[in-house]
Amino acid sequence: MLIKRKSIEKEESSRPASKPAPAKAAPRKPRYAPVTLSEQDGVRYLHFGTEWVQGAMRIRKPDWPELEYAQQMMAWMLWQDAPRAIAQLGLGTAALTKFCYKTFADAQVTAIELNPHVIAICQSMFKLPDNDARLHVLEMDALDYVNDPAHHGTLDALQVDLYDATARGPVLDTPEFYQACAACLNEGGIMTVNLFGDHPSYAKNLKAMKFAFPQVLALPQVHDGNVVAIAFRTPRPLDAAALAERAAAIVQQTKLPAKSWVKGLLASQN
């Protein structure tokens with residue numbers, strides 16, 4: 001998960017040329033919150049130096065998305081059954097990255113993470129595989145990734161989970177950011193975003209998403225306020241019968257609680 005919207009280096013480089021840094025000054029490095037761990041009842045949790053949980057892994061099931069909101073982040077599967085390109089902004093414990101990598105054998109799976117310590121802890125403590133021909137974990141700013149024209153129109157699914165140490169709102173939340181996310185999707189592409197429903201950032205992010213996307217839905221709130229929003233590059237009908245059939249297939253193939261996603265989506269339209 002990203003710590004800052006822009007790195008300190010970028011902020012430094014954007015200062016006027018009339019105020020150059022001293023010639024011998026060492027370049028400043030981004031300041032990251034400490035990466036800390038806890039374990040309880042067979043589940044390992046990631047924190048950024050606070051009590052807020054940034055991700056979790058059941059030690060005996062390392063490729064399973066343990067938290068309910070993380071499972072809901074896969075709700076794009078209701079419309080996408082054979083994605084070829086999936087990206088995750090904010091690595092967390094790599095739960096979504098690992099699940100997508102294991103589940104979709106023909107897909108390119110990319111994860112973007114600014115904090116190198118998060119990548120390292122995922123490799124050492126959360127069973128993140130090494131990069132290969134299909135898996136690409138990149139140390140970079142999510143804003144740079146979505147603004148790169150090389151990524152535009154390339155993704156079937158984009159999963160956005162960008163929180164700082166306080167975990168009370170996404171660190172990237174502007175209409176321009178969500179426009180760039182929409183640009184990265186192909187015509188049938190879908191974005192899911194982890195939000196907090198009981199926080200002022202929720203309305204701000206929904207408004208920004210609705211500016212950038214023609215259709216935005218939200219699943220029911222879970223955990224301590226997590227709400228997963230679903231944004232479509234091209235609007236999709238909520239066909240109850242088709243969604244129920246697809247949800248049954250997802251449950252059979254992956255054990256994800258997809259039937260509850262459909263129930264929540266349909267209820268939100270009433």
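## Sheet, helices and side-chain contacts in a predicted model

Helix H6 lies across S4, S7 and strand S8 (185-196), and its direction makes an angle of about 140° with S8.

- Seven strands make up an open sheet with mixed pairing, and their order is S6-S5-S4-S7-S8-S10-S9.
- The edges of this sheet are strand S6 (135-139) and strand S9 (215-218), each of which pairs on one side only, while the twist from one strand to the next averages 15°.
- Strands of a sheet pair through backbone hydrogen bonds, in either the parallel or the antiparallel sense.
- For S9 and S10 the sense is antiparallel, with four bridges between the two strands, and glutamine 215 has phenylalanine 232 of S10 as its bridge partner.
- Helix H4 (residues 116-125) lies across strand S5 (108-113) and S6, and runs at about 145° to S6.

**Aromatic pairs**

- The count of aromatic pairs in the model comes to six.
- One of them joins tryptophan 64 and phenylalanine 99, whose ring centres are 6.3 Å apart; the pair is edge-to-face because the ring planes stand at 80°, and planes over 60 degrees apart count as edge-to-face.
- Tryptophan 64 is in the loop between strand S3 (55-58) and helix H2 (68-72), whereas phenylalanine 99 is in helix H3 (residues 95-103), so this contact ties together parts that are 35 residues apart in sequence.
- Both tryptophan 64 and phenylalanine 99 are buried.
- Elsewhere, one aromatic cluster is formed by Trp52, Tyr163 and Phe196.

**Salt bridges**

- The structure holds five salt bridges, among them one between arginine 58 and glutamate 66, where the closest N and O atoms are 2.9 Å apart; arginine 58 is partly exposed, at 28% relative accessibility.
- Lysine 102 forms a salt bridge with aspartate 63, with the closest N and O atoms 3.9 Å apart, and this pair links distant parts of the chain, as lysine 102 is in helix H3 and aspartate 63 in the loop between S3 and H2, 39 residues apart.
- In that pair lysine 102 is exposed, with a relative accessible area of 58%, whereas aspartate 63 is partly exposed, at 26%.
- Another salt bridge joins lysine 204 to aspartate 173, the closest N and O atoms being 3.4 Å apart.
- Because lysine 204 lies in helix H7 (residues 200-212) and aspartate 173 in the loop between strand S7 (155-160) and helix H6 (175-184), this bridge ties together parts that are 31 residues apart in sequence.
- Lysine 204 is partly exposed, with a relative accessible area of 47%, but aspartate 173 counts as buried, at 8% relative accessibility.

How values were computed. Residues are numbered from 1 along each chain as its sequence is written. This is a predicted model: local features need pLDDT of at least 70, side-chain atom pairs count only at pLDDT 80 or more; totals for chains, interfaces and linings use all residues. Side-chain values use heavy atoms; hydrogens and water are left out. Rings of Phe, Tyr and Trp (its six-membered ring) pair if their centres lie within 6.5 Å; planes under 30 degrees apart count as stacked, over 60 as edge-to-face and the rest as tilted. Buried means under 20% relative accessible area, exposed over 50%, partly exposed in between (1.4 Å probe, protein chains only). A salt bridge is a side-chain nitrogen of Lys or Arg within 4 Å of a carboxyl oxygen of Asp or Glu. Two strands pair if DSSP finds at least two bridges between them. Axes are lines fitted to C-alpha atoms, for helices over the stretch in contact, and angles run from 0 to 180 degrees between N-to-C directions. Contact means heavy atoms within 4.5 Å.
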